[in-house]
Amino acid sequence: MRRVAAALAILFVDLAGRSVMDKVLALTGDPSRVAVWAQLQSVVELVCAVSAAGVLAGLTVLVAQAASPSEERRLLRAALGLALLVSGALAMIVIAFSPLASVALGQSGISALPIALAAATGVLCVMPATLSAWWLGKSRQPAMLWLALLGAGVVAIVAGAAMLDATIESLMIVQFATLLVGNALVWRYLRRVAGLHWASAGQLPEPAQTAMVPGSDMAGRAEAQSGRTTRLRPLVRFIPVGLTIGVMSPASMLLMRAGLGESLSWHEVGHFQALWRLGDWVTALASGMLSLVFLPRLSASWGSNRFPLELRRSAWAVLVPAAGLLALLFMAQARLLAFLYDARFVVSGAAAAWFLAGSWVRVVSWVFLYGLFAAHRTRTIMLGEFLSLPLFAVLLWLGREGMTLERAAMLYGVTYLVYALVNALGLALPCTGVVAARGRTTG
């Protein structure tokens, strides 16, 4: 119960921080200012998510299945090095092409500098995310709350700068500088707890027994290298997943907003972003519960007869409350949007209904998605990712003539219906055979 309470607190802190930031942006500007900030945060997520959705998700799964604390620390070291390598490489690519990205994002008015700053900020998000993933694999949700509070402090400082009418470029500088200080604090903790240092980040320690093996130094180094490769291989398998989800999802959000901005207006994009943020109060809570509470359980039970039970338990625990909460949001959406933003943020009842219904279907798809992560079904995850936000962006582009917020919300629901079906099928086919086989073995 303590872990569940901590997970809910983590999610609430994150959502409250995002909502406070949006509120300040709305009060100090207009809906387009909210939309532009959301675009830049998608660039931050683009760089960080290639690691968080891949290597770091693998870290959580593998730590939950690790046999000893020493193995957990070795996995942490390997995951941090791989995550920084992957996100750092993507950040350099984004920075190099930031002038082209500024043009591609349409009429938002975002220049190359804040895009480059957002990419660098994404790299700074990797280290806290690594520690969080490691703690999650160890089911230490209460400890993760401290990281959430650290993140809330960053948001509070940036929001304070926004209240002083700082420009978007200045806000990105403040966010980068504040996260840099936060990384120093996280690094000090990692050095103390896991014995990490920069020279060995990304490397697995050589086994102590290697020095005791008779023979040449070359043989010892070869054995140590073999051990490192063996431990890195499971994490490396998750890199393509991170590249697929981490790139496709934020990039699709960028293109989705840019497309709506061209077919409608950036004020309308701000309204759609507000509706998205309203739904986040349920979808992010559901995703967080699946990640923080049920992913370790699903990972630990994979391959046994308990896995289907844990999957059903996660579905009941998340889908029923989500349906009720989304219904409440629909009934109060006008008042809630005015509260979270201001009276200028108005959407029709039809748009709200389609979007919130689609949000529930999205949660359904995530139940199966986390089952796929626990089952190491990386190829299926990668295939299905093309049928989530990327499909939504394509549908918006194909239907751009006569586009309305109502149509965009309807296409959102259709997209996640397809995604949920693909994830369910992808999990059911391999899962049935493995669990049945294990059941025959264990009796």
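In this predicted model, the largest pocket has a lining of 13 residues, and those nearest its centre are L255, A258, G259, A393 and W397. The space within this pocket amounts to about 290 Å³. Two elements, α11 (239-263) and α17 (389-398), each give two or more residues to the lining. The largest share comes from α11, which provides 7 residues. Divided by class, the lining of the largest pocket holds 9 nonpolar, 2 polar and 2 charged residues.

Helix α1 covers residues 2-28 and helix α12 covers residues 266-301; their axes come within 9 Å and cross at roughly 150 degrees. Angles over 145 degrees count as roughly antiparallel, and α1 and α12 are therefore roughly antiparallel to each other. The crossing in which α1 passes α12 is right-handed. On the α1 side, the contact is made by V4, A7, L8, I10, L11, F12, L15, A16, R18, S19 and D22. On the α12 side, R277, D280, W281, A284, L285, G288, M289, L292 and V293 take part. The residues of this contact comprise 14 nonpolar, 2 polar and 4 charged.

The table sets out the residue classes of the two sites.

| Site | Nonpolar | Polar | Charged |
|---|---|---|---|
| Lining of the largest pocket | 9 nonpolar residues | 2 polar residues | 2 charged residues |
| Contact of α1 with α12 | 14 nonpolar residues | 2 polar residues | 4 charged residues |

Definitions and conventions. Residues are numbered from 1 along each chain as its sequence is written. This is a predicted model: local features need pLDDT of at least 70, side-chain atom pairs count only at pLDDT 80 or more; totals for chains, interfaces and linings use all residues. Side-chain values use heavy atoms; hydrogens and water are left out. Axes are lines fitted to C-alpha atoms, for helices over the stretch in contact, and angles run from 0 to 180 degrees between N-to-C directions. Helices (H or I, at least four residues) and strands (E, at least two) are DSSP runs, numbered from the N terminus. Angles under 35 degrees count as roughly parallel, over 145 as roughly antiparallel, 65 to 115 as roughly perpendicular and the rest as oblique. A crossing is left-handed if the near helix is turned anticlockwise from the far one by less than a right angle, and right-handed if clockwise. Contact means heavy atoms within 4.5 Å. Ala, Val, Leu, Ile, Met, Phe, Trp, Tyr, Cys and Pro count as nonpolar, Asp, Glu, Lys and Arg as charged, and the others, Gly among them, as polar. On a 1 Å grid over the protein atoms alone, a cavity is a set of points where a 1.4 Å probe fits but cannot get out, and a pocket is an open set with protein on both sides within 12 Å along at least five of seven lines; lining residues have an atom within 4 Å of a point. Grid points are joined across faces, edges and corners, and a volume is the space filled by probe spheres set on the points.
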